[in-house]
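Me: I would like to go through the labels attached to this structure and ask what each one rests on. Please set the values against the cut-offs where that is needed.

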Amino acid sequence: MHYFIELFFSGLTRGAIYALIALGYTMVYGIIGLINFAHGEIYMIGAFTSYIVASVLSLYGYPLFATVIIAGAAAVVWSGAYGYTVERLAYRPLRRAPRLSPLISAIGMSILLQNYVFLAQTSDFISFPKLIPDLPFMDRYADYLGSSDVVILFTTLIVMGILTFIIRYTRIGKAMRATAQDSTMAMLVGINVNRVISATFVIGSGLAAIGGMLIAAHIGQINYYIGFLAGIKAFTAAVLGGIGSIPGAVLGSLVLGLTESFATGYVSSDYEDVFAFTLLVLILIFRPSGLLGKKESQKV
Amino acid sequence: MPACRLYQELKRSLLVALWFIFLTFPLMVVKVDLVERVVHWRWKNMLFVGLAGFFFSFLGRWIMQRKNPGKALGKGTAWSLRFCPDPKIRKILIVLLLCLAVAFPQIFSSYQTTIMTTALMYVVLGLGLNIVVGMAGLLDLGYVAFYAVGAYSYALLNYHFHWGFWTVLPIGGLIAALFGVLLGFPVLRLRGDYLAIVTLGFGEIIRLILENWGEFSQGPSGISNISRPGFFGLELSLDAAILYIYYLMLAFVLVAIFIVGRLQHSRLGRAWIALREDEIACEAMGIDKTKTKLTAFALGAFWAGIIGVVFAAKTTFINPASFTFLESAIILSIVVLGGMGSIFGVILGAFILILLPEYLRALAQYRMLAFGILLVLLMVFRPQGLIAPGRRAYFITKKPDPET
Amino acid sequence: MNTTILKISGLSVSFGGILALDNLDLDIKQKEIAAVIGPNGAGKTTFFNCLTGLYAPSAGEILFYPGRDAEAVSLKGMKPHQITEKGVARTFQNIRLFPGMTTLENVMIGRHCRSRASILGALFRNAATRREEQEIIDTSYTILERVGLAGYVNELAGNLPYGAQRRLEMARALAAEPLLLLLDEPAAGMNPQETLNIMELIGEIAADGLTILLIEHDMKLVMSLCQRIFVIDYGRKIAQGSPGEIRSNPDVIKAYLGA
């Protein structure tokens, strides 16, 4: 039972991180129907930016709390900027191109960003500074879950709350929903669709950056390649939940995180990723549009 | 007036440069050494970024402006026409190319020949994937799995039973085709991007199994000492083997072109294209969707399997690291870049994407960076691919109703 | 003697609890031109989709008689391509051509289920395959001539004018050699002259011995072309009969004009 609870919380933590990345995929897909392959790289850049800022600040002797806040804000700002730039350079010129072209462009962007970070920083794994202190009140539960798990779960919850608020009640959120439903119609009623798309990329990238920073602080090391697997997993989670659906992305991420955690805990840790993809294949075979995806009723 | 324009343009370029300076600031300028506990501020990089940003933004907008007037994005037939002049010249061109291909190893070093062999392998891989993605319109992001299946078929059969190259060649292709059908069945109902991610997952599963199932595949360390292809029982020297494999690949390319060319304009090829164009209409016109999709998967996988066997025989060593997603992405890029569905386009795409990085080796570690940039640029400036696939024109010669 | 070609009994379809077709009974006679009419959203296209296997009916039976005195074949549960092979072909309300293929190739696709060539045939291009391929081309071209599109042979279907696209859809369906042809709004979006031409074409096709069932909003076309008319509203059949009977049926008038 003890082991079960431990696995449960570690799965939840994983799921939370996946959710932060998966939201970016799902939002972008919902609006322009593109698999943003470079999204994993944005997450990686978020992790790197927070690493750099946090390291510099801690070397200059800033207090931990301020360091965390500034590093997090920097990661969000810069990842958002990268997301915006990627969209402007690699996707916007291809808005009316054949369907596969933006995908290739995205793969190119992903290769580009990976190698850019590799060249600008390093190809080695670097150890991430300890940003999350051991919380004193967590001692009693330390067997089940660490302080970083708690911080990750709470941060994710808060971020989700903010995102929900933005999408439900703000002007840009409403514009995003309208564009996702029908971009031509949205344009006709005076929504600046390009701006909405940019905003979607920025928000999605910001979420991924938070995910990147949290996971880096949790695991303790990063390199330029972490975006690839995380990206694929998060995309898997988004598809699992039904791509285009925001609650679906969260649900899919949690299901994926828990499955991975239990499977590695009880079966074998060698096949961690195999479980993830097998789960995906199975769910899609039985529910071809994901857990919460709208059933695609073919209009004939 | 032009001066005013120029001023505007310069101002915009300046803004872009400033934006990129901001964007790259943490990653390019700051480098922390946590062991020595110092921060290196690389201000020089900032200058580079600024200058490059200014220059390229100016250049980019200039190119875009020259490109835009006259035509929007869409069907570009001009290039395809330019590449396929009248059949006579085309025939001469093809013969010339063939001569060049045959003479290549005599003219160039064996190092160049090896690279060219690789390029030829990717031509066939591209042609195989072109059946699935280009013709049947099924987005497959895990194509490398079949390549791996072929390579490991040969490696394992050779390792355990000492089976030779020529014996395993068809077997490897068939096993890969079987895997193609195996993947095809569960994904029949999926469309578009769901299909893409499942095939991607499938590719990863195959690689991960090869990596982790040590008893079966010898894990990440791979299998070495795989036999080179035999030449009527003769053992070949390394140089001779390089030559031999080159000509072998050339033959495979020709066979593949022949087969794909014939399929393209056959009853089956038409069914694939109809499937890509409109799945529902395709069904309603009496085409068995299941069968058509599965043959596309199987035939595409078959070629990957064949080339997998060749790859194992060529390098004599394989490990799972050769079969990553990047490989699938490159093959897919070949197909899309060439212009989906066009055989000549695939050949051109393979040569650009395989030879370029090889010759970019001079750029050393900037190679993959350049590759990424190239992919993006090619897509931005040529989204429909280099060669637009043309449909065959039929000329009705005989009046089908002679009595009247 | 059996003069029925299609017998539908108790056909129902529901989408998430909403009955799109409700206990529909219908029978179509050999070699007649019949029409299904009804207000927008009455379930006409859904009905066609059930007949051609694109939707699965939740209840009822669809029996098809491929000829006089032929054994009945149940179309229910068959895949779309099997139904086409049995001899039921259709067109679509919102044109679904293969836009990237040429006009001739579109029709050639219709010949798919009437030809056999396999992969091996395609590779070796043996005599039988070549003959079959030539037959496909010839037949397709003849059909194109017949619908008046012979001038567009090598044009991409997506580039044809609207009226020609509708005709091409009919040509493609004809290529499958159907016994029963389902036309979903063949005259939609056409001007009066084009509608007249289409009517003429439908009449000619029917004269060759094909049974035609069509959905149409153009009452002039329906009334002058069809022998029998079925009216459906809210997924239910509310009337059937000759054009004269339908014109004076109070239920039909109510359905169209609203109560």
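Me: How many helices and strands does chain B have?

Reply: This is a predicted model. Chain B has 16 helices and two strands. The C-alpha trace of chain B spans about 75 × 70 × 50 Å along its principal axes. Of its 404 residues, 52% count as buried.

Me: What share of the contacts in chain B between residues at least 6 apart in sequence join residues at least 24 apart?

Reply: The share is 75%.

Me: Which domains does the assignment give for chain B?

Reply: Domain 1 covers 2–67 and domain 2 covers 83–381. Taken over C-alpha atoms, the centres of these two domains of chain B are separated by 39 Å.

Me: What makes the contact between α6(B) and α7(B), by class of residue?

Reply: The contact of α6(B) with α7(B) has eleven nonpolar, four polar and no charged residues. From α6(B) come Phe146(B), Val149(B), Gly150(B), Ser153(B), Tyr154(B) and Leu157(B). The residues from α7(B) include Phe165(B), Ile171(B), Gly172(B) and Phe179(B). Gly counts as polar here.

Me: Why are α3(A) and α8(A) called oblique to each other?

Reply: The axes of helix α3 (residues 64–91) and helix α8 (residues 193–219) of chain A come within 7 Å and cross at roughly 140°. The antiparallel label needs an angle over 145. Hence α3(A) and α8(A) are oblique to each other. The crossing of α3(A) and α8(A) is right-handed. The residues of this contact of α3(A) with α8(A) divide into twelve nonpolar, seven polar and one charged. Among those in α3(A) are Gly72(A), Gly80(A), Gly83(A) and Glu87(A), and α8(A) contributes, among others, Phe201(A), Gly206(A) and Met213(A).

Me: Why is Tyr25(A) called buried?

Reply: Buried means under 20% relative accessible area. Tyr25(A) has 4% relative accessibility, so Tyr25(A) counts as buried. Its place is in helix α1 (residues 2–32) of chain A. Leaving aside neighbours within four places in sequence, its contacts include Asn36(A), Phe37(A), His39(A), Ile232(A) and Phe235(A). Tyr25(A) and Gly252(A) are 227 residues apart in sequence and 12 Å apart in space, C-alpha to C-alpha.

Me: Which domains does the assignment give for chain C, and what is known of their contact?

Reply: Domain 1 of chain C takes in 1–87 + 179–259, and domain 2 of chain C takes in 98–177. The contact takes 21 residues from domain 1 of chain C and 13 residues from domain 2 of chain C. Their C-alpha centres lie 26 Å apart.

Terms used: Residues numbered from 1 in each chain as written. Chains lettered and ligands numbered in written order. Predicted model: local features only at pLDDT ≥ 70, side-chain atom pairs only at ≥ 80, totals over all residues. Heavy atoms only, no water. Helix = DSSP H or I, 4+ residues; strand = E, 2+ residues; numbered from the N terminus. Buried < 20%, exposed > 50% of the residue type's maximum accessible area, 1.4 Å probe, protein only. Contact = heavy atoms within 4.5 Å. Domains from an automatic or database assignment. Axes fitted to C-alpha atoms, helices over the stretch in contact; angles between N-to-C directions. Parallel < 35°, antiparallel > 145°, perpendicular 65-115°, else oblique. Left-handed = near helix turned anticlockwise from the far one by under 90°.
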